[in-house]
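Please consult the sequence and the model shown below.

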Amino acid sequence: MSQLKVAIVGGGIGGLVLALALRARRIDFELYEQAQELREIGAAVALSANGTRELRRLGLSQQVEGVSVIPSALVIRRWDTGEIIAEHPIGREGVYEATFGAPYYGVHRVALMQALADRVAAEGLHLGRPCIGVDESRAGAEVHFADGGSAPADVIVGADGAHSVIRPHVVGDIRGRFSGTVGYRGLVAARDLPALPDPAPLQFWAGPGRHLLHYPINGGRTINFLAVVRVPTWTQQSWMEECAVSDVVGAFAGWHPAVTEMVGSTDVGARWALHDLEPLTRWHTERAVLIGDAAHAMVPHQGQGANQTIEDAIVLADCLCDARNKRGLAAALRRYEQCRRKRTVAVQWWSRRTADLMHLPDGPEIAARDALFADLYSQLTWIHSHDAHASTVSSAPRSTRTQAALTRSQ
Ligand SMILES: Cc1cc2nc3c(=O)[nH]c(=O)nc-3n(C[C@H](O)[C@H](O)[C@H](O)COP(=O)(O)OP(=O)(O)OC[C@H]3O[C@@H](n4cnc5c(N)ncnc54)[C@H](O)[C@@H]3O)c2cc1C
């Protein structure tokens with residue numbers, strides 16, 4: 001058993017995966033979540049091999065696979081004619097898993113959270129405890145709660161999302177930057193989409209200043225979609241604004257009937273301003289550290305926010321496992337940031353770039369863009385084939401024991 005006591009603030013995907021990864025490495029944790037129950041905002045999430053590989057290692061294959069759908073392929077179509085620009089198999093003939101070493105899943109967020117929460121169980125989990133700030137000294141750290149209470153820890157992990165209350169303590173008051181795009185999210189019954197050529201793939205429709213992404217969940221009976229529209233500014237205080245279905249239908253006027261049918265067939269009630277974070281200058285202090293959206297919120301156009309968060313959780317757990325006690329803590333947090341920063345900055349950049357490529361106007365640049373899409377799997381290899389645990393183990397000082405601790409616990 002490690003001598004470290006870890007306080008995790010936030011019970012989203014990052015906080016829960018970290019809790020499971022720490023338990024697998026026999027490190028004590030307490031997880032504090034502001035909500036009275038564990039839940040996720042939004043409809044579905046796509047998990048790629050770099051994320052599912054780690055969920056498998058945590059022994060979650062059955063639970064996650066049981067509530068997921070593997071899309072047949074990744075297809076990119078033109079906005080008006082529906083002509084296929086690029087098609088790459090995913091589930092079909094197992095090509096994706098053979099290429100990247102683990103499966104690709106579309107999963108309802110509620111089902112994913114339930115699968116994670118069931119495994120974390122009640123031990124070490126504190127719901128309804130909003131954190132309002134933290135303190136640290138050379139001797140230790142403390143989490144402070146809205147109810148006036150506080151809790152001691154050796155290290156505090158800010159897994160509290162894009163509006164993190166831990167981030168100002170680590171790096172100052174950094175706000176999200178607006179990406180110039182808004183998103184409309186919805187769920188539609190597949191049977192209500194007669195114009196859709198094929199509901200089984202994960203499919204992009206790319207056109208000037210907009211795109212639509214959709215994939216099947218819920219045994220293929222439901223289609224989850226995210227419609228993205230470029231807008232000049234976002235002036236609201238909140239990142240979310242109520243809207244009518246006619247707003248999104250109007251934004252896609254003239255597009256292929258499968259697109260207008262999908263965005264018009266659901267009760268879209270809001271549009272979300274898509275933000276990301278400027279790369280932070282630091283991710284940790286002596287005793288506090290950030291993971292997930294708190295460290296590197298990104299726009300969702302590569303479907304990588306949750307997957308990078310899972311990677312963070314695994315790498316941090318490995319680094320803390322190697323530290324074993326308070327003396328090794330500072331080096332462990334430094335190593336975690338070194339392992340994660342460059343990679344997540346690159347994924348943030350690619351996520352923004354993807355929307356730029358999707359949104360090109362018809363014209364001379366389209367041919368080069370389409371050639372890039374046709375070669376997509378080689379472009380994505382560095383993201384999807386990454387093995388976060390193996391890369392941390394291989395970067396470990398020789399005297400440490402990540403691998404041994406993990407093997408013992410399985
Ligand atoms: C439209 C859209 C689509 C997306 N699609 C994908 C996708 O397909 N694939 C993918 O990989 N990613 C996707 N993402 C990104 C992904 O959802 C996030 O990156 C991921 O959920 C981040 O996880 P997290 O644990 O860091 O933060 P969060 O999920 O935000 O969790 C933070 C938790 O902390 C809690 N909390 C916050 N403040 C406090 C406090 N003060 N005290 C205690 N608890 C607190 C919150 O209640 C919450 O439970 C998408 C994002 C968007 C917006």
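## Basis and conventions

Contact means heavy atoms within 4.5 Å. Helices (H or I, at least four residues) and strands (E, at least two) are DSSP runs, numbered from the N terminus. The model is predicted: local features need pLDDT of at least 70, side-chain atom pairs count only at pLDDT 80 or more, and totals for chains, interfaces and linings use all residues. Residues are numbered from 1 along each chain as its sequence is written, and side-chain values use heavy atoms, with hydrogens and water left out.

## Helix H12

Helix H12 (residues 366-374) has Ile 366, Arg 369 and Phe 373 as its buried residues (buried: under 20% relative accessible area; exposed: over 50%; partly exposed in between; 1.4 Å probe, protein chains only). Viewed down the axis of H12, these residues fall within an arc of 65 degrees, so they line one face of the helix; the arc is that of the directions from the helix axis to the C-beta atoms. Ala 367 and Ala 368, on the other side of H12, are exposed.

The buried residues of H12 pack against strands S5 (73-78), S6 (84-89) and S14 (202-207), and against helices H11 (329-358) and H13 (376-384).

## The sheet

Strands S5, S6 and S14 belong to an open sheet of 8 strands with mixed pairing, in the order S6-S5-S14-S15-S16-S13-S18-S17. Its edge strands, S6 and S17 (240-242), each pair on one side only. Two strands pair if DSSP finds at least two bridges between them; S5 and S6 do so in the antiparallel sense over 5 bridges. Ala 73 has Pro 89 in S6 as its bridge partner.

## His 296

His 296 lies in helix H9 (residues 293-296) and, at 1% relative accessibility, counts as buried. Leaving aside residues up to four places away in sequence, His 296 touches Leu 277, Trp 283, Gln 308, Thr 309, Asp 312, Thr 344 and Gln 348.
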